[in-house]
Amino acid sequence: MDTKKVLIVEDEKSISDIIQFNLKKEGFEVDTAYDGESGLEKALAGKPDLILLDVMLPHIDGFEICKKVRETSAVPILMLTAKEEEVDKVLGLELGADDYITKPFGMRELIARIKANFRRIDLDDSEKDDPANVQDFGNLSIDMNRYEVRKNGEPLDLTLREFELLQYLAKKENKVFSREQLLSDVWGYEYFGDIRTVDVTVRRLREKLEDDSGNPKYIMTKRGIGYYFRRP
Ligand code: CA
């Protein structure tokens, strides 16, 4: 694995320092920003492999940065949210963050979460060398190897996580998966996540895939259980 560069955008220097120390110890390259303005600049220009993004920042907050970065980049974003601000988690995910971690957090947990994101990316890179493997589902065609989805021939702009969720469900049409199972298999961890992460990602995916996201034809809800993919 190449050396990965992590950008830490966090205005509390003591927190930033301890994260930086631990990431360097793990062999990561680290860049830091202490306010929203320079955070956004470094996120866009510095080409980090992952961004740790605090929500409450001077000048520009973490949500705004997340939104701006997502306009041009699919870099993994892990939001750092305060425990009392439940709404932050969901809002961050809706703006395109891949994951969040609640303060105060342990370094072992943080590093495990960062590594889980990188494991997925490395896997994805190697799979991209494989030949195309396009499967058609009605108007939708999914290239399982190249991470491309088209609807009526037009490419859809999905994030990595949205693609992986769609791919996972579509590989087993009509099989119902619980949120817990999806979180474990698609997100790759069992203990840290919140099942609302799955709901928010399904919602985002439906907005991109479905003609009417309120009346889905592909990603179906099995009430009280979870989700499944259906060929329309
Ligand atoms: Ca802060």
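In strand 12, glycine 226 is the bridge partner of serine 178. Helices (H or I, at least four residues) and strands (E, at least two) are DSSP runs, numbered from the N terminus, and two strands pair if DSSP finds at least two bridges between them. The model is a predicted one, in which local features need pLDDT of at least 70 and side-chain atom pairs count only at pLDDT 80 or more, while totals for chains, interfaces and linings use all residues. Residues are numbered from 1 along each chain as its sequence is written, and side-chain values use heavy atoms, with hydrogens and water left out.

- Three strands form an open sheet in the order 10-12-11, with antiparallel pairing.
- Strand 10 and strand 11 stand at the edges, each with a single partner strand, so one side of each is left without a neighbour in the sheet.
- Strand 10 (residues 177-178) is joined to strand 12 (residues 226-229) by 2 bridges, and phenylalanine 177 stands opposite tyrosine 227 in strand 12.
- Strand 11 (residues 219-222) pairs with strand 12 over 4 bridges in the antiparallel sense; here isoleucine 219 has phenylalanine 229 as its bridge partner.
- The hairpin formed by strand 11 and strand 12 has 3 residues between the strands, and glycine 224 in the turn has a positive phi of about 80 degrees.

- Of the 5 residues of strand 1 (residues 5-9), 5 are buried, so the strand is largely enclosed by the rest of the structure; buried means under 20% relative accessible area, exposed over 50%, and partly exposed in between (1.4 Å probe, protein chains only).
- In a regular strand the side chains alternate between the two faces of the sheet.
- In strand 1, Lys5, Leu7 and Val9 point one way and Val6 and Ile8 the other way.
- Strand 1 runs parallel to strand 2 (residues 29-33), to which 5 bridges join it; the bridge partner of leucine 7 in strand 2 is aspartate 31.
- From strand 1 the chain crosses through helix 1 (residues 13-25) to strand 2 in a right-handed β-α-β crossover, meaning that, with the strands pointing away from the viewer, the path from the first strand over the helix to the second runs clockwise.
- Strand 1 also pairs with strand 3 (residues 50-54) in the parallel sense, over 4 bridges, and valine 9 has leucine 53 of strand 3 as its bridge partner.

**Calcium site**

- The calcium ion is coordinated by Asp11 (OD), Asp54 (OD) and Met56 (O), at 2.1 to 2.3 Å.
- Donors are N, O and S atoms within 2.8 Å of the metal (3.2 Å for Na, K and Ca); water is not among the atoms, so sites may look incomplete.
- The donor residues are spaced D-x42-D-x1-M in sequence.
- Aspartate 11 lies in the loop between strand 1 and helix 1 and aspartate 54 in strand 3, so the pair ties together parts that are 43 residues apart in sequence.
- Aspartate 11 is partly exposed, with a relative accessible area of 31%, whereas aspartate 54 is buried, at 4%.

**Nonpolar cores**

- The largest nonpolar core has 25 residues, and those with the most contacts inside it are Ile142, Val149, Leu165, Leu166, Leu182, Ile219 and Phe229; such a core is a set of buried Ala, Val, Leu, Ile, Met, Phe, Trp, Tyr and Cys residues joined through side-chain atoms within 4.5 Å.
- Two or more residues of this core come from each of strand 7 (140-143), helix 6 (160-171), helix 7 (179-187), helix 8 and strand 12.
- Helix 6 gives the most to this core, with 5 residues.
- Leucine 182 touches, among others, Leu165, Phe177 and Tyr227, not counting residues up to four places away in sequence; contact means heavy atoms within 4.5 Å.
- A second, separate core of 21 residues includes Leu7, Ala43, Phe63 and Cys66.

**Helices and whole chain**

- Lysine 115 lies in helix 5 (residues 107-127), is partly exposed at 34% relative accessibility, and contacts Glu26 and Phe28, leaving aside neighbours within four places in sequence.
- The chain comes to 8 helices and 12 strands, and buried residues make up 48% of its 232 residues.
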